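Please look first at the sequence and then at the fold drawn from it. The report below goes from the whole chain to single residues.

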Amino acid sequence: MSISKFNIKTIISSAIFVLISQTAIAGNNDEGQQLFSLYCDACHGMSGGMDMRKRIAPPIAAVRMHYIGRHPDKASFVNAVSSWLEKQDPAKSLMRGAIRHFKLMPPIAVNRQDAIKIANYIYEGNLQVPPGMVEHVQSQHKINGMNLNR
């Protein structure tokens with residue numbers, strides 16, 4: 001059985017395409033994490049833990065939990081979160097309690113492409129969860145078996 005030059009070129013081209021695609025996907029998630037650190041982490045990061053008196057916004061793991069509950073598929077989730085990042089509309093919020101407690105998130109200067117990268121990063125779920133968050137959600141929101149990460 002012989003392999004023609006055409007088949008070898010096809011196989012090599014396909015392998016290169018897959019390698020480049022996987023690198024691009026990993027790069028986008030890394031870029032999403034960097035953009036999250038730049039635009040979001042100061043308010044939605046680990047500072048303050050679950051002591052709401054020390055926080056200025058809910059932890060991003062809590063935001064993800066609320067949004068993934070309503071938007072479990074990636075496309076819907078990314079659209080909802082990136083749309084929120086572009087224009088904060090209290091009528092579209094899934095976290096009305098957070099708005100009551102922290103007020104409405106101020107506008108941030110993020111373009112659509114960067115908002116999508118941030119939303120993809122959040123969806124992927126490799127997020128830090130503040131100690132005490134599981135207990136907080138179970139006691140305050142009556143949710144058991146929550147999926148904070150994928």
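The model is a predicted one, in which local features need pLDDT of at least 70 and side-chain atom pairs count only at pLDDT 80 or more, while totals for chains, interfaces and linings use all residues. Residues are numbered from 1 along each chain as its sequence is written, and side-chain values use heavy atoms, with hydrogens and water left out.

**The chain as a whole**

The protein chain holds 7 helices and 0 strands, and from the N terminus on its elements run α-α-α-α-α-α-α. Helices (H or I, at least four residues) and strands (E, at least two) are DSSP runs, numbered from the N terminus. Of the 150 residues in the protein chain, 34% are buried, where buried means under 20% relative accessible area, exposed over 50%, and partly exposed in between (1.4 Å probe, protein chains only). Among the contacts in the protein chain with a separation of 6 or more, 63% are between residues 24 or more positions apart; contact means heavy atoms within 4.5 Å.

Why is H3 described as largely enclosed by the rest of the structure? The reason is that 8 of the 11 residues of H3 are buried, and these are Ile60, Ala61, Ala62, Val63, Arg64, Met65, Tyr67 and Ile68. His71 is found in the loop between H3 and H4, and with a relative accessible area of 18% His71 is buried. The side chains of His71 and Ser76 are joined by a polar contact of 2.6 Å, a term for a pair of N or O atoms within 3.5 Å; within protein, one must be able to donate a hydrogen and the other to accept it, and residues adjacent in sequence count only if both atoms are side-chain atoms. Leaving aside neighbours within four places in sequence, His71 is in contact with Ser76, Phe77, Ala80 and Leu94.

**The loop between H4 and H5**

Leu94 has its place in the loop between H4 and H5 and, neighbours within four places in sequence left aside, is in contact with His66, Tyr67, Arg70 and His71. Ser93 lies in that loop too, between helix H4 (74–86) and helix H5 (96–102), and counts as buried because its relative accessibility is 6%. A polar atom of the side chain of Ser93 lies 2.9 Å from the backbone nitrogen of Met95. Beyond its neighbours within four places in sequence, Ser93 is in contact with Tyr67, Trp84 and Ile99.

**Pairs that are apart in sequence**

The table gives C-alpha distances for some pairs of residues.

| Pair | Apart in sequence | C-alpha to C-alpha |
|---|---|---|
| Leu94 and Arg70 | 24 residues | 8.4 Å |
| Leu85 and Val110 | 25 residues | 7.4 Å |
| Gln113 and Ser82 | 31 residues | 8.8 Å |

Leu85 lies in helix H4 and counts as buried at 7% relative accessibility. Leaving aside neighbours within four places in sequence, Leu85 is in contact with Met105, Ile108, Val110, Ala115 and Ile118. Gln113, by contrast, lies in helix H6 and counts as exposed at 52% relative accessibility.

Is Lys103 buried or exposed? Lys103, in the loop between H5 and H6, is exposed, with a relative accessible area of 59%. Although Lys103 is not a glycine, it has a positive phi of about 80 degrees.

**The largest pocket**

The largest pocket has a volume of about 460 Å³. Elements that give two or more residues to its lining are helix H2 (41–44), helix H3 (60–70), H4, H5 and helix H6 (112–124). A pocket is, on a 1 Å grid over the protein atoms alone, an open set of points where a 1.4 Å probe fits, with protein on both sides within 12 Å along at least five of seven lines, and lining residues have an atom within 4 Å of a point. Grid points are joined across faces, edges and corners, and a volume is the space filled by probe spheres set on the points. The largest pocket is lined by 26 residues, with His44, Ala57, Pro58, Trp84 and Met105 nearest its centre.
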